[in-house]
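This report describes one protein model, heading by heading. Please keep the sequence and the 3D view at hand while reading.

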Amino acid sequence: RDGHFGGWSETFDKQWLAIDTNRRSRHFGRVYVTWAVGNQDSDLRIYGSYADAHKDGTHTNWSRPRLVLAQALGTGDNCSLPRVAPDGTVWLTTSSFRTENEPFTMSLTSSRDGGRSWARRRFIVRHNVNGYRNTTFRAAFGEAFVVGPRKVGRFYPLYAAYEQSAVSTTKLFIRGSFDGGKHWSRSIQVNDASGAADALQPNLAVAPSGTVAVAFYDRRLACPTLDTPEAAIAG
């Protein structure tokens with residue numbers, strides 16, 4: 001039994017961290033950790049904690065874990081991705097779901113007081129992630145999130161990439177927000193459309209110039225034939 005979480009908590013999943021590296025931020029050097037807590041997929045909730053780094057490599061005690069977002073009964077949250085903007089705002093996306101066979105909902109929240117409180121949830125996109133062809137592996141939530149280092153207008157840009165599965169293939173798309181997550185641009189396909197190859201597991205980065213880069217896996221090459229040396233090497 002763990003008193004921080006109000007009862008028995010058997011699952012601690014998908015932990016992630018981010019660090020405030022902006023010297024002009026009120027919380028410069030603060031380390032943020034978020035993760036999912038619960039007993040089963042449908043009751044997972046995102047919690048967060050933080051500690052302040054010292055120059056000698058030590059840090060303060062971790063703050064008491066705090067619930068980041070409330071969630072409806074029977075719906076779980078997982079795959080939290082915290083990011084820190086140059087002004088010290090902590091942005092965090094999470095993926096909500098009822099079962100792994102239903103579409104996932106990617107949403108956003110933020111903290112402007114160093115992780116002590118969090119804004120209400122904002123919707124980004126609803127997408128399917130269970131459509132990989134001819135395989136037994138899965139890639140969890142198929143989402144990526146990043147904050148740009150330079151303002152576009154009055155806001156730091158937010159970018160979200162995600163998988164979208166259809167009957168024949170899985171494709172990757174990206175959306176951007178340039179008003180603090182209130183509105184998102186139309187979805188743009190990231191991978192090229194040559195053949196029916198799956199594109200999956202996106203990751204995102206933004207250069208100092210503002211150029212957005214997306215890395216991902218691509219399955220356009222045929223899998224090796226079973227029981228051949230090529231198949232053994234590939235696992």
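## Confidence and conventions

The protein chain has an average pLDDT of 91, and 95% of the residues score at least 70. Here pLDDT is the predictor's confidence in each residue, on a scale from 0 to 100. Among the elements of the chain, the lowest mean pLDDT, 83, belongs to helix H1 (residues 229-234), and the highest, 98, to strand S9 (residues 143-147). Helices (H or I, at least four residues) and strands (E, at least two) are DSSP runs, numbered from the N terminus.

This is a predicted model, in which local features need pLDDT of at least 70 and side-chain atom pairs count only at pLDDT 80 or more, while totals for chains, interfaces and linings use all residues. Residues are numbered from 1 along each chain as its sequence is written, and side-chain values use heavy atoms, with hydrogens and water left out.

Strands of a sheet pair through backbone hydrogen bonds, either parallel or antiparallel. Two strands are said to pair if DSSP finds at least two bridges between them.

Rolling a probe the size of a water molecule over the atoms shows where empty space is left. For a cavity, the test uses a 1 Å grid over the protein atoms alone: a cavity is a set of points where a 1.4 Å probe fits but cannot get out, and lining residues have an atom within 4 Å of a point. Grid points are joined across faces, edges and corners, and a volume is the space filled by probe spheres set on the points. The structure has 2 cavities of 30 Å³ or more.

How much space lies in the second largest cavity? The volume is about 40 Å³. The lining consists of Tyr32, Val33, Thr34, Gly48, Ser49, Tyr50, Gly115 and Trp118. Strand S2 (30-38) and strand S3 (45-52) are the elements that give two or more residues to this lining. By class, the lining has 4 nonpolar, 4 polar and no charged residues. Ala, Val, Leu, Ile, Met, Phe, Trp, Tyr, Cys and Pro count as nonpolar, Asp, Glu, Lys and Arg as charged, and the others, Gly among them, as polar.

## The sheet from S9 to S12

Another open sheet of 4 strands has the order S9-S10-S11-S12, again with antiparallel pairing. S9 and strand S12 (188-189) are the edge strands, and each pairs on one side only. S9 and S10 are joined by 5 bridges in the antiparallel sense, and Val147 stands opposite Leu158 in S10.

Strand S10 (residues 158-165) and strand S11 (residues 170-177) pair in the antiparallel sense over 8 bridges. These two strands form a hairpin with 4 residues between them. Glu163 has Leu172 in S11 as its bridge partner. Because 7 of the 8 residues of S10 are buried, S10 is largely enclosed by the rest of the structure. Buried means under 20% relative accessible area, exposed over 50%, and partly exposed in between (1.4 Å probe, protein chains only).

Ser110 is in strand S7 (residues 104-111) and is buried, at a relative accessible area of 10%. Apart from neighbours within four places in sequence, Ser110 is in contact (heavy atoms within 4.5 Å) with Thr89, Val90, Trp91, Ser117, Trp118 and Ala119. Trp118 is also one of the residues lining the second largest cavity.

Ala139 lies in the loop between strand S8 (122-127) and S9. Is Ala139 buried or exposed? With 15% relative accessibility, Ala139 counts as buried. Leaving out neighbours within four places in sequence, its contacts are Tyr132, Glu163, Leu200 and Gln201. Ala139 and Glu163 are 24 residues apart along the chain, and their C-alpha atoms are separated by 9.8 Å.

## Positive phi angles

Most residues other than glycine have a negative phi, and most peptide bonds are trans. Lys14 is not a glycine, yet has a positive phi of about 50 degrees. Lys14 lies in strand S1 and is partly exposed, with a relative accessible area of 33%.

Cys79, also not a glycine, has a positive phi of about 60 degrees. Cys79 is found in strand S5 (residues 76-84) and counts as buried at 12% relative accessibility.

Note on methods:
1 Å grid on protein atoms, 1.4 Å probe; cavity = no way out; pocket = protein on both sides within 12 Å on 5 of 7 lines; lining within 4 Å.
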